[in-house]
Amino acid sequence: MPESHMITFYPVGNGDTTQIVLSGGRRVLLDFCHREKGEGSDAPEIDLKARLKEELAKAKRDYFDVVGFTHADLDHIQGSTSFFELKHAVKYQGNGRIKIRELWVPAAMLLEEAGNDEQQDEFVLLRQEARHRLLEGKDILVFSKPQALMDWLEPKLKERGEAVSARDHLFIDAGTLVPGFSLDRDGVEFFCHSPFIKHCDEGDIIRNSAALVFNVRFRIGSVQYDYLAVGDAKWEDLEDIVSTTRYHKNDDRLSWDLYNIPHHCSYLALSDEKGDKETVPKPLVKELLLQGKRDAYIVSSSKPIPDAKDAYSEVQPPHIQARKAYERALRDVGGRKFIVTMEEPNANRPEPLVFEVGAGGITWQRSGSLGAPAIVLSRPPRAG
């Protein structure tokens, strides 16, 4: 069979969960948002836990090679601490929990403080897990190395009798490639666009600004294709990424065949003004949108975005004005389609969006196949 990789976006409402399955079998999961209502028979959201376990069972696995959390907002981590095995405490192990061979987190996730009323929240458990793995010195990569984090880490390393530089290899800077993947061996590489050190060292931590953003580059034969994976960045963050990337002459890392747009099609990822009928992107955001290649796709991980009269006054995302801006950009670059996770094949019963990265480029596969071409997954039965 021809070599190919798969990218799957799961319908979880206004939330993010994306899986990359490489031709060699390695699996990278970015974010995890399980909606409990998806376990019933009526809600349109998928039963994410059941679906992922089914997919892993078919692949004879109980682990992901990588699980990355772009940031700690609930719509990117919900249900994760009851689904994954956590190494920092025995009570979060066994009982069918899915293992994480390598955890990717932004530095902000290790630094965030929690009030007394938040001590049981999921982001606290993930913070504890990330801190544990970092102290143990294995099975984690932390993106950016702010001084605030080193002020926490260095005394603990000294207590362990280790050099303050003993964990340096576990930190990844913006503007560099993530170790462990290569185009030659895996057919993929991850270029880190964000976070920057300033996102944690200049005052209060803002999760969305300090989140993970990647250019994921695939190679099939001698041809390369680019997937821009963005969490909940606002327009200011994207302009920072564009200007910094160009300053360092990495302009090619702004190109995209597939773009997972930020924050569930919020206009704030384009501009500070929604617009009456259509959002007008800020100049550098517009330049980023125009880096789309011919036949490119845009995916909105969001609720449906109807073009109806009352939609134009919606306060919370998704915003129809933003959708129109993205659709205009696609027309300008000769792109294929703007696709919403909760709209396909219909809003009542959406299924995962599956894209194949193959010799013909990045193409949307409506069949729902994932992994080996012979495996075709059906929607798991719902409880109740």
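**Strand S2 and beyond**

Strand S2 (residues 18–21) is covered on both faces: Thr18 and Ile20 are buried on one side, and Gln19 and Val21 are buried on the other. Here buried means under 20% relative accessible area, exposed means over 50%, and partly exposed is in between (1.4 Å probe, protein chains only). In a regular strand the side chains alternate between the two faces of the sheet.

A quick word on what you're looking at: this is a predicted model, where local features need pLDDT of at least 70, side-chain atom pairs count only at pLDDT 80 or more, and totals for chains, interfaces and linings use all residues. Residues are numbered from 1 along each chain as its sequence is written, and side-chain values use heavy atoms, with hydrogens and water left out.

Now for the neighbours of S2. Strand S1 (residues 5–9) pairs with S2 in the antiparallel sense over four bridges, and Thr8 stands opposite Gln19. S2 is also joined to strand S3 (residues 27–30) by four bridges, again running antiparallel, with Thr18 opposite Leu30. Two strands pair if DSSP finds at least two bridges between them; strands (E, at least two residues) and helices (H or I, at least four) are DSSP runs, numbered from the N terminus. The hairpin of S2 and S3 has five residues between the strands, and Gly25 there takes a positive phi near 105°.

The largest nonpolar core has 71 residues, and Phe84, Trp104, Phe190, Phe214 and Phe355 touch the most other members. Helix H5 (residues 122–136) gives the most to this core, with six residues. Apart from it lies another core, of 33 residues, among them Val213, Ala233, Ala311 and Tyr326. A nonpolar core is a set of buried Ala, Val, Leu, Ile, Met, Phe, Trp, Tyr and Cys residues joined through side-chain atoms within 4.5 Å.

Tyr326 belongs to helix H11, where Ile320, Ala322, Ala325 and Leu330 are also among the buried residues. Their cover includes strand S13 (256–260), helix H10 (283–289), strand S14 (292–300) and strand S15 (337–340). The 14 residues of H11 (residues 320–333) should span 20 Å at 1.5 Å a residue, and the end C-alpha atoms are 20 Å apart, which agrees; the expected span is 1.5 Å times one less than the number of residues. After H11 comes Gly334, with a positive phi near 75°.

Then there are the charges. A salt bridge is a side-chain nitrogen of Lys or Arg within 4 Å of a carboxyl oxygen of Asp or Glu, and by this rule the count comes to 27. One of them joins Arg328 to Glu278 (2.6 Å, N to O). Arg328 lies in H11 and Glu278 in the loop between S13 and H10, so this pair ties together parts that are 50 residues apart in sequence. Arg328 is partly exposed, at 40% relative accessible area, and Glu278 is partly exposed at 23%. Salt bridges that share partners also join Arg217, Asp226, Asp252, Asp257 and Lys293 into one network.

Technical notes. Contact = heavy atoms within 4.5 Å.
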